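Here is a colleague's note, written as numbered points. Please read it with the model open beside you.

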Amino acid sequence: MNKWKGWAAAGLVCATGVAQAASIGAGVVAGTLGVGGQVSYAWTERVQLRAMVAGASADLDFEADGGSDLEYSGNIDLLHGALLVDYHPFAGDFRVTAGVMINDDELRGDATCTQIACDLGDSEGILVRGDRLDARISYDPVSPYLGIGWGKAPGAEGGFALTADLGVFYLGNPDVDVDLSGPSTLNPIAQDAVREEERAIEDDVDALPLYPVVMVGATWRF
């Protein structure tokens, strides 16, 4: 995937650029954002700047509420970047974190009518055998993030440490596109049903506006 190569290259450039600085940390992370890495810079004894990149990919089947006969088969690609500020109020492991999440999540799926006629939403028998729907769901590219966590305090000595993050970021309004191909492409009633399908999927995913972040990792402070 080209976007993975671009993000990986950016992460290597960032890590190389800060490698000569003091109080630099680097490590690996895994959790609800996917699997990836992070780098950190101890700015003061209580404040740390941190950047994270993580992602994953998985197969996913889904369908819209509303009586459709079709189930989409597809996959979800998760790709996140984070620019974070960690504040350790007690100069210990506990931290409060705020920042921005760069979100390149995308869900794609397709569904094909294999019967003589298929229902789509409230429209009964509107699709015919061979009709195919292709759906794509994406979100706002930049979102605010708030959370808490645990990790080596910026003022602590270097070395190995385990880390954890708990938080949420706002997904924003989903962008849903559903395209129809096949025998019913030129049927205006079928196209109206497809627009209803878009709205139904949008309502489903819009019911979850917050993305939970649970990440664990290991770092080494140089």
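**Notes on the model**

1. At 28% relative accessibility, D110 counts as partly exposed; buried means under 20% relative accessible area, exposed over 50%, and partly exposed in between, with a 1.4 Å probe and protein chains only. D110 forms a salt bridge with R132, with the closest N and O atoms 3.8 Å apart. A salt bridge here is a side-chain nitrogen of Lys or Arg within 4 Å of a carboxyl oxygen of Asp or Glu. The pair links distant parts of the chain, 22 residues apart: D110 is in strand β6 (residues 106–112) and R132 in strand β9 (residues 132–138). R132 is also partly exposed, at 35%.

2. This is a predicted model, in which local features need pLDDT of at least 70 and side-chain atom pairs count only at pLDDT 80 or more, while totals for chains, interfaces and linings use all residues. Residues are numbered from 1 along each chain as its sequence is written, and side-chain values use heavy atoms, with hydrogens and water left out.

3. The protein has two helices and 13 strands. Helices (H or I, at least four residues) and strands (E, at least two) are DSSP runs, numbered from the N terminus. Of its 222 residues, 38% count as buried.

4. The structure holds nine salt bridges. One of them joins D165 and R95, whose closest N and O atoms are 3.1 Å apart. D165 lies in strand β11 (residues 159–170) and R95 in strand β5 (residues 94–103), so the pair ties together parts that are 70 residues apart in sequence. D165 is buried, at 4% relative accessibility, and R95 is buried at 2%. Both belong to a network of salt bridges that also includes R50 and D86.

5. Another salt bridge joins E198 and R195 (3.2 Å, N to O). These residues are three apart in helix α2 (residues 188–206), which means about one helical turn separates them. E198 is buried, with a relative accessible area of 15%, whereas R195 is partly exposed at 29%.

6. How many disulfides does the structure hold? It holds one, a disulfide being a pair of cysteine sulfur atoms within 2.5 Å. The partners are C113 and C118, with sulfur atoms 2.2 Å apart, and both residues are buried. The torsion about their S-S bond is about 90°, so the disulfide is right-handed.
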